Amino acid sequence: MIFLILVLIIVIILISNIKIVPQARAYTIERLGSYQGTWQTGLHFKIPLIERIARKVTLKEQVVDFEPQPVITKDNVTMQIDTVVYFQITDPKLFTYGVENPMAAIENLTATTLRNIIGDLELDETLTSRDVINTKMRTILDEATDAWGIKVNRVELKNIIPPKAIQESMEKQMKAERERREAILVAEGQKQSAILVAQGEKESMVLRADAKREAQIKEAQGQAEALMTVQKALADSLVLLNEAAPNDKVLRLKALEAFTKAADGKATKIIIPSEIQGMAGLVTSMKEVWQSDTPET
């Protein structure tokens, strides 16, 4: 009976010392107080009372968000900055035996590194140089944590909180800058509008001038064509008159017609050739005779 109990106890002890290491985990093993080895993923057996698991280490990338740290810039402005560190354990042995409290060590190292970097920058540089600060911190932390079996993959400045007075001053400055940009945009709009109006008026004046010039040209061309038509008709009539070989009576009659047209004008003094005077008298006499022969109604 006692033997069975002893066997059962031994079986329970053996079973309890069978360990399975999960994926992305590692166990550091000590034997009689000294480092014996590192168990990777899989099934392992621990010697009872001789070996023990010193630390269970996760190999996944971890994220640590540290509390805001007070830092002083080069121009003596105190601000609060909190950081986020992304790291991964690459050597479980160094992580176990390299530093007593790795998280506290990383936090203190991050704070001192941040103070050193910000101390060389002014306020404006600090607010506009996040990428530079992140790169410098990652490089420094990665080199310092190599001895602890830690790989720092990325460091980010989460928040930069300047003093309240500085925040109010920055807000006023930003408001003034926005108002200045707005005034510039309004002035540019008014300038462009005035330019467009002036260009429109200029083009309108040019078009009106072109239209007036075209009208004058058309009018002059019409007058010239009318004059040419009259002159051509006169020339044709003279040609026909010459071809008809008119006698003296016809010529005198034409002269009389010309005299009649001249008399209808506004001239105050007309010189009548002697040849036409006789014809004029004859026409007057014929007109009087015609009027006397006409019965009164």
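This is a predicted model: local features need pLDDT of at least 70, side-chain atom pairs count only at pLDDT 80 or more; totals for chains, interfaces and linings use all residues.
Visitor: Which residues of strand E7 are on the covered face, and which on the uncovered one?
Guide: In E7, residues 69-72, the covered face has Gln 69 and Val 71. The uncovered face has Pro 70 and Ile 72. Helices (H or I, at least four residues) and strands (E, at least two) are DSSP runs, numbered from the N terminus.

Visitor: Ok. How many bridges join E7 to strand E8?
Guide: Four, and E7 and E8 (residues 78-89) run antiparallel. Two strands count as paired if DSSP finds at least two bridges between them. Gln 69, for one, has Ile 81 of E8 as its bridge partner.

Visitor: What sits between E7 and E8?
Guide: Five residues, and the two strands form a hairpin. Asn 76, in the turn, has a positive phi of about 65°, although Asn 76 is not a glycine.

Visitor: Is Asn 76 buried or exposed?
Guide: Asn 76 counts as exposed because its relative accessibility is 66%. The cut-offs are under 20% relative accessible area for buried, over 50% for exposed and partly exposed in between, with a 1.4 Å probe and protein chains only.

Visitor: Where is Pro 48, and what does it touch?
Guide: Pro 48 is in the loop between strand E4 (42-45) and strand E5 (51-58). Leaving aside neighbours within four places in sequence, Pro 48 is in contact (heavy atoms within 4.5 Å) with Ile 13 and Asn 17. At 23% relative accessibility, Pro 48 is partly exposed.

Visitor: Which strands pair up with E5 in a sheet?
Guide: E5 belongs to an open sheet of three strands, in the order E3-E2-E5, with antiparallel pairing. Strand E3 (34-39) and E5 are the edges; each has a single partner strand, so one side of each has no neighbour in the sheet. The twist averages 25° from one strand to the next. The angle is taken between axes, which are lines fitted to C-alpha atoms (for helices over the stretch in contact), and runs from 0 to 180 degrees between N-to-C directions.

Visitor: How many bridges join E2 to E3?
Guide: Five bridges join strand E2, residues 25-31, to E3. Tyr 27 stands opposite Trp 39 in E3.

Visitor: New topic, helices. At what angle do H3 and H5 cross?
Guide: Roughly 140°, and the axes of H3 (residues 102-118) and H5 come within 10 Å. H3 and H5 are therefore oblique to each other. Angles under 35 degrees count as roughly parallel, over 145 as roughly antiparallel, 65 to 115 as roughly perpendicular and the rest as oblique.

Visitor: Which residues make the contact?
Guide: Among them are Ile 106, Leu 109 and Thr 113 of H3, and Lys 136, Ile 140 and Thr 145 of H5. The contact residues divide into 10 nonpolar, three polar and one charged. Ala, Val, Leu, Ile, Met, Phe, Trp, Tyr, Cys and Pro count as nonpolar, Asp, Glu, Lys and Arg as charged, and the others, Gly among them, as polar.

Visitor: Is Thr 145 buried or exposed?
Guide: Thr 145 is buried, because its relative accessibility is 1%. Thr 145 is in helix H5, residues 130-145. Not counting residues up to four places away in sequence, Thr 145 touches Ile 106, Leu 109, Ile 150 and Val 152.

Visitor: Last one. What does Lys 158 touch?
Guide: Asp 65, Asp 82, Thr 83, Val 84 and Arg 130, not counting residues up to four places away in sequence. Lys 158 is in strand E9, residues 150-161, and counts as partly exposed at 41% relative accessibility.

Definitions and conventions: Residues are numbered from 1 along each chain as its sequence is written. Side-chain values use heavy atoms; hydrogens and water are left out.
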